[in-house]
Amino acid sequence: MAKNYNKRCEKDYGFWRKLYYKIFIYFVVIPTAKLMYNLKVEGKENIPKKSNVIYAGNHVSYLDPPLIAVSVNAYIAFMAKQELFNDDNKLLRFLVHTLGAFAVNREKPELATFKTVKAVFNTPWSLGIFPQGRIVKEPVIENVTKGFTLFAKKFNADVIPVAVCGFDGYAKKIGEKHITVKIGKPISYTLSEDEMLLEWARQISEMTGFENKVTIS
């Protein structure tokens with residue numbers, strides 16, 4: 001029987017996963033980010049002290065989850081497309097699963113997904129989402145789904161926009177690339193879903209310089 005990767009509970013985000021997560025961040029992500037990508041972080045003053053928030057970023061590469069995690073210095077359970085859990089790349093598949101991500105059916109989210117989000121918010125972890133739903137290489141913000149606003153409203157979680165800026169390919173040697181992660185101002189869950197979506201797109205567009213094509217019909 002195929003494993004249900006969209007179902008996690010509180011114990012899945014306990015001591016051992018937190019320890020493994022920290023080890024991976026400090027010994028893999030930080031050295032790679034600083035040496036290969038000259039990572040810079042702006043807007044740290046916008047990082048909330050509480051953990052029940054949603055970090056919502058633009059999606060330009062597979063580096064986005066670890067770069068966002070190290071930039072905000074938080075435990076983040078990322079919502080990932082279910083195809084990643086069966087990807088041909090065994091290392092990617094292993095990391096996605098062991099670092100606490102969980103699957104979502106982008107066409108039809110299941111009840112287990114909502115239960116997993118609830119479980120995440122019952123722990124010191126935050127939720128990570130990419131509202132565009134896929135890696136977008138074009139410098140434009142469009143086709144943004146409302147899923148993150150739904151979770152924000154249901155679980156009283158503010159949304160923190162996070163922009164990955166400057167990515168133009170994967171580094172092959174030390175110091176070759178430069179990436180800046182910009183952390184935006186919190187978006188209150190008390191706003192309407194449309195207002196949250198538009199504000200997220202506005203902030204991401206402003207921080208990245210990407211064209212904002214998001215509208216509400």
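This is a predicted model: local features need pLDDT of at least 70, side-chain atom pairs count only at pLDDT 80 or more; totals for chains, interfaces and linings use all residues.
How do the residues of the lining of the largest pocket divide into nonpolar, polar and charged?

1. Residues are numbered from 1 along each chain as its sequence is written, and side-chain values use heavy atoms, without hydrogens or water.

2. The lining of the largest pocket holds 34 nonpolar, 10 polar and three charged residues. Here Ala, Val, Leu, Ile, Met, Phe, Trp, Tyr, Cys and Pro count as nonpolar, Asp, Glu, Lys and Arg as charged, and the others, Gly among them, as polar.

3. In total, 47 residues line this pocket, and H59, P65, A80, L84 and F130 lie nearest its centre. Two or more lining residues come from each of α1 (15-37), α2 (64-72), β3 (76-81), α3 (90-98) and α5 (147-155). The largest share, eight residues, is given by α1.

4. Strand β7 (residues 159-165) is mostly covered, with seven of its seven residues buried (under 20% relative accessible area, 1.4 Å probe, protein chains only). V159, P161, A163 and C165 point one way from β7, whereas I160, V162 and V164 point the other way. Strands are DSSP runs of E, at least two residues, and helices runs of H or I, at least four, numbered from the N terminus.

5. β7 pairs (at least two DSSP bridges) with strand β2 (residues 54-57) in the parallel sense over four bridges; G57 stands opposite V162 in β7. With strand β8 (residues 180-183), β7 pairs in the antiparallel sense over four bridges, and A163 stands opposite K182 in β8.

How values were computed. Buried means under 20% relative accessible area, exposed over 50%, partly exposed in between (1.4 Å probe, protein chains only). On a 1 Å grid over the protein atoms alone, a cavity is a set of points where a 1.4 Å probe fits but cannot get out, and a pocket is an open set with protein on both sides within 12 Å along at least five of seven lines; lining residues have an atom within 4 Å of a point.
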